[in-house]
Amino acid sequence: MEKIGRNDPCPCGSGKKYKSCCWKKEQSEKVTKSMQSRSIKALQGGIANMISDLGTMNKRIKELKPKEEDSADLPEKVEPPESSESLEP
């Protein structure tokens, strides 16, 4: 296939030069596709980072969470003192 020069007649048959007719449309489509591709790659990278961060946070939460044998020593409910006399000076 022969390359169309910008100053050649447009292959669509409009009688205009290629640069004043279909070239702009084709360039716009190329730019749009390129931008879409970059956006998709950026989103994929962002999602991958978020998944990694979630994994790190989940691991940290598990480290901070008391183990079952440790939590067995803790009372389920803390009762308030029966009288407030011991709180006064």
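Analyst: The side chains of Glu63 and Arg60 meet in a salt bridge, with 3.3 Å from N to O; the term stands for a side-chain nitrogen of Lys or Arg within 4 Å of a carboxyl oxygen of Asp or Glu. Please keep in mind that this is a predicted model, in which local features need pLDDT of at least 70 and side-chain atom pairs count only at pLDDT 80 or more, while totals for chains, interfaces and linings use all residues. Residues are numbered from 1 along each chain as its sequence is written, and side-chain values use heavy atoms, with hydrogens and water left out.

User: How are Glu63 and Arg60 placed in helix 1?
Analyst: They are 3 residues apart in that helix, and therefore separated by about one helical turn. Arg60 is partly exposed, with a relative accessible area of 45%, where buried means under 20%, exposed over 50% and partly exposed in between, using a 1.4 Å probe and protein chains only.

User: And how many salt bridges does the structure hold?
Analyst: The structure holds 1 salt bridge.

User: Switching to cysteines, what about Cys10, and how far away is the nearest cysteine sulfur?
Analyst: A search of the whole structure finds 0 disulfides, a disulfide being a pair of cysteine sulfur atoms within 2.5 Å. Cys10 is accordingly in no disulfide, and the nearest cysteine sulfur, that of Cys22, is 3.4 Å away. Seen from Cys22, the closest cysteine sulfur is that of Cys10, and at 3.4 Å this is too far for a bond.

User: Is Cys10 buried or exposed?
Analyst: Cys10 counts as buried because its relative accessibility is 6%, and Cys22, at 18%, counts as buried too. For the chain as a whole, 4% of the 89 residues count as buried.

User: What sits over the ring of Trp23?
Analyst: The charged end of Arg6 does, 4.7 Å from the ring centre; the criterion is NZ of Lys or CZ of Arg within 6 Å of the ring centre and within 35 degrees of the ring normal.

User: Last topic, the surface: which residues make the nonpolar patch?
Analyst: Leu43, Ile47, Met50 and Ile51 make a nonpolar surface patch of about 420 Å², where patches take residues with over 30% relative accessible area and no salt bridge, joining like charges within 9 Å and nonpolar side chains (Val, Leu, Ile, Met, Phe, Trp, Tyr) within 5 Å. Areas come from the Shrake-Rupley method with a 1.4 Å probe, and for residues only the protein chains shown count as cover.

Technical notes: Helix = DSSP H or I, 4+ residues; strand = E, 2+ residues; numbered from the N terminus.
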